[in-house]
2 protein chains.
Amino acid sequence: MSTEDLVSAVAREFGTPAVVVDLDVVERNVARIQKMCDEVGVANRPHVKTHKSPVLARLQVEAGARGITCQKLGEAEVMAEAGLDDILISYNILGEHKLGRLGRLLAGTRVTVAADNPVVVEGLPRAAEIAGRALPVVVEVDTGRKRAGVATVAEALALARDIAARPGLAFAGFMLYPPEDAIAETQVFLDAAMRGVREAGLEPAIVSSGGTPNLANLGRISGATEHRPGTYVFNDRMMLACGMARLEDCALTVYATVVSRAEPERGILDAGSKTLTADTGGLDGYGLVLEHPRARIHKFSEEHGFLDLSACNDRPLVGEVVRVVPNHVCVVVNMVDRLVAVRGGRIVGEIDVAARGRLG
Amino acid sequence: MSTEDLVSAVAREFGTPAVVVDLDVVERNVARIQKMCDEVGVANRPHVKTHKSPVLARLQVEAGARGITCQKLGEAEVMAEAGLDDILISYNILGEHKLGRLGRLLAGTRVTVAADNPVVVEGLPRAAEIAGRALPVVVEVDTGRKRAGVATVAEALALARDIAARPGLAFAGFMLYPPEDAIAETQVFLDAAMRGVREAGLEPAIVSSGGTPNLANLGRISGATEHRPGTYVFNDRMMLACGMARLEDCALTVYATVVSRAEPERGILDAGSKTLTADTGGLDGYGLVLEHPRARIHKFSEEHGFLDLSACNDRPLVGEVVRVVPNHVCVVVNMVDRLVAVRGGRIVGEIDVAARGRLG
């Protein structure tokens, strides 16, 4: 089936906007990155926040991934229920509601959690108690990104000792998400932290790095045992921009219809901020229109994507269905309950975004 | 129950982030705006895209609204199934998939649609044919906002005549969404369009204006028969900024927990772009933290809201649950499957965001 025929078939069967995933491309992406990890001897622990689908997580594990990463308990619950095991929740979990859920999850699944402060560490034994088994905890360290993570080696060591001393908790190592251009600084931090915990008699079994752009640094962090790439499964305009993907590696596109052409230089897509999201990912415009790459999606209302067509020679007519590579694929997947799956240029079914809508 | 006790109760029962609606405030908002409309003799046709809930749409209709407005077919289908009638879909509907659905919807429900171009008008008779009844169509006109809508009176008249001439379609009037500061220009456009269609023997039964900020112009557009406010049901930081709401009119807040305080001037909430969304609504920062109004939510990752606490004297500790008034409430509601409902300071249940997740 030609691309044009496929686009027509999706529009006819599902209407637009539709979020469409090419499984051939997904499988190539999964295999390629797994091979990269295997070659440098770093385990792959893909972050499922990108797809939120047990079907795709399973595909990653079967290709060789060591377990998975989740960004929240709700994702981990859905994955565990679907039989996925060895889950790192890369997030500070706290509060009675979540600790209860974590305990019930831990009872039946291998789970590791992250912590970057003593309040979180203080609460975690409650989950271990409910589960009746030890909870491994990695210390999240920040080597320059200014997000979560302790900012100093001293704090990292204090937290490691705190974890090791708590009943029901086991110090499991370190988790980091280094800035792509601060690998040297990251190494200095990590070396000191590793030395420190070893001097305290603790062994960091896990040293987990993250991010698809950081695949460029794979193997360059001495001591790293695993990596948590997320976006690589689908890729997006951000990955094109940072050079981690080529256009043919982009597995997910949003099919949208041109619904209005009120003036010669303006057009409107039926995909707005409730589909493509207002997340620019730091780029200009909100997506790449494959059929009209010089069309700029410059603004959204909730169900409208506003096109500036002034740079286009060949301008779309009302009714034309186009494919958009979103800036940030992880937040787009989160907007929909199902993805349309294609393979060999044909529609093969739908994939549930099963872990969507789980707050916390 | 004190606010502090309510916040604890929600966190304990639902965890965070939780999207919480105060029904007392909702009812006050609904009654106040209905009274405004009644007083100037303009019908209220609230836009349900804000809440996507048949329960709340019913509440608006029972307070006196004339039908409802939907931004897409999927919303209209959910509302019609729940028994709501007299629905304006303020959107260009086209393509085989949607025209079939529109036909089936129209068979059992009073529906009016909008059109701003001949391609859309050409397709609509198909829906009327399926339904076996006439489809009323309003011409969408743009009086300066540069979104959907024909840009000239001549096009508006041509489209009105086109609609009137098509079997199964009935010209129903005009739909507009005037810029708040262009009411005079809007009136000039509208007067010419009204005169033009009347000269062609057509009567614009509906002249529909829109927007909560445009409630400030209610009654100032001569000929307007109805208004489509959406946000007023909940209000948000944008409505605070434009003066259409006071803090006590904000019915919806996102309850979030401070999960990290890596440095004295930094904090992290467990509500990121997958909860509060990256939609700034043109404001600085991404929400108002009621307990710490000088804390600035300056950046998101997917599950983290990054707080700049440098201007706060009283800084939140890890574990504190805070309430955030989002910048743009319509897109936040769209992120969740259920809202937590409170009344009289107590949790009274949950409200399904039943029309969420309907693409197109």
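1. The model is predicted: local features need pLDDT of at least 70, side-chain atom pairs count only at pLDDT 80 or more, and totals for chains, interfaces and linings use all residues. Residues are numbered from 1 along each chain as its sequence is written, with chains lettered from A and ligands numbered from 1 in the order in which they are written.

2. Chain A has an open, parallel sheet of eight strands in the order 2-9-8-7-6-5-4-3. Strands are DSSP runs of E, at least two residues, and helices are runs of H or I, at least four, both numbered from the N terminus; two strands pair if DSSP finds at least two bridges between them. Strand 2 (43–44) and strand 3 (68–70) of chain A are the edges, each pairing on one side only.

3. Strand 6 (135–141) and strand 7 (169–176) of chain A run parallel and are joined by seven bridges. E140(A) has M175(A) in strand 7 of chain A as its bridge partner.

4. Between the chains, the contact takes 57 residues from chain B and 57 residues from chain A. Elements giving two or more residues on the chain B side include helix 1 (3–14), helix 5 (96–108) and strand 10 (252–260) of chain B.

Key:
Two residues are in contact if their C-beta atoms, placed from the backbone, lie within 7 Å.
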